[in-house]
Amino acid sequence: MGGKYTTYRAIAQEALIKAMPHLSPIMPYEEQYALYGSGGCNEELKILSQRFEVPLDLIRYLQGIYGSRFGDVLNITRGKDQFKEKICSCSPAIAAQVIYAQQVEMAQTPQDVMERRLGLSYLDCPTGDCRRSIERILRSHP
């Protein structure tokens, strides 16, 4: 589905150092320019887990997908416990991610959400509930 930003960033940094060694960075590049979406310490995660009333594992899962933008997904769940529910038993993905994919990432179809936004097409889902849940959520939140 494409390369990761961190991989391309490392490749670009290596190429720049080889092409222009006299411009070798004084401090590590990552400290100068934080990668968008990175960050968040464990204490912050525990506090957010309590604030949003979701398991810490869910916070870590969302952070792994969205980086520091995971809070944007959690904000969708405020006052709407149904958006905290898993969409299927085969994945920790929650309904708020479907809404986020549609409203923020401009996903257009259930397939777009499954494959390009949540990567659920790579899982072996024995029930097929993922697709049905995504279709139901998209229909009820146009």
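In the predicted model, Met106 is exposed, with a relative accessible area of 60%. Met106 lies in the loop that joins α6 and α7. Although Met106 is not a glycine, its phi is positive, at about 60°. Most residues other than glycine have a negative phi. A positive phi also occurs at Glu53, likewise a residue other than glycine, with a value near 55°. Glu53 belongs to the loop between α3 and α4. The relative accessibility of Glu53 is 62%, so Glu53 counts as exposed, the cut-off for this class being over 50%.

The largest nonpolar core contains 33 residues, and Leu62 and Ile87 have the most contacts inside it. At least two residues of this core are supplied by each of α3 (42–52), α4 (56–66), α5 (70–76), α6 (95–103), α7 (110–117) and α8 (129–140). The largest share comes from α6, which provides six residues. For Leu62, with neighbours within four places in sequence left aside, the contacts are Gly67, Phe70, Val73, Leu74, Ile94 and Gln97.

A search of the whole structure for aromatic pairs returned one. This pair is formed by Tyr66 and Tyr100, whose ring centres are 5.2 Å apart. The ring planes of Tyr66 and Tyr100 stand at 80°, so the pair is classed as edge-to-face, a class that requires an angle over 60 degrees. Tyr66 is in helix α4 and Tyr100 in helix α6; the two residues are 34 residues apart, and the pair thus links distant parts of the chain. Both Tyr66 and Tyr100 are buried.

The packing of α7 against α8 was also described. Two packed helices are described by the angle between their axes and the distance between the axes. The axes of α7 and α8 come within 8 Å, and the crossing angle is roughly 125°. The crossing of α7 past α8 is right-handed. On the α7 side, the residues that meet α8 are Pro110, Gln111, Val113 and Met114. Their counterparts in α8 are Cys130, Arg131, Ile134, Glu135 and Leu138.

Conventions
Residues are numbered from 1 along each chain as its sequence is written. This is a predicted model: local features need pLDDT of at least 70, side-chain atom pairs count only at pLDDT 80 or more; totals for chains, interfaces and linings use all residues. Side-chain values use heavy atoms; hydrogens and water are left out. A nonpolar core is a set of buried Ala, Val, Leu, Ile, Met, Phe, Trp, Tyr and Cys residues joined through side-chain atoms within 4.5 Å. Buried means under 20% relative accessible area, exposed over 50%, partly exposed in between (1.4 Å probe, protein chains only). Helices (H or I, at least four residues) and strands (E, at least two) are DSSP runs, numbered from the N terminus. Contact means heavy atoms within 4.5 Å. Rings of Phe, Tyr and Trp (its six-membered ring) pair if their centres lie within 6.5 Å; planes under 30 degrees apart count as stacked, over 60 as edge-to-face and the rest as tilted. Axes are lines fitted to C-alpha atoms, for helices over the stretch in contact, and angles run from 0 to 180 degrees between N-to-C directions. A crossing is left-handed if the near helix is turned anticlockwise from the far one by less than a right angle, and right-handed if clockwise.
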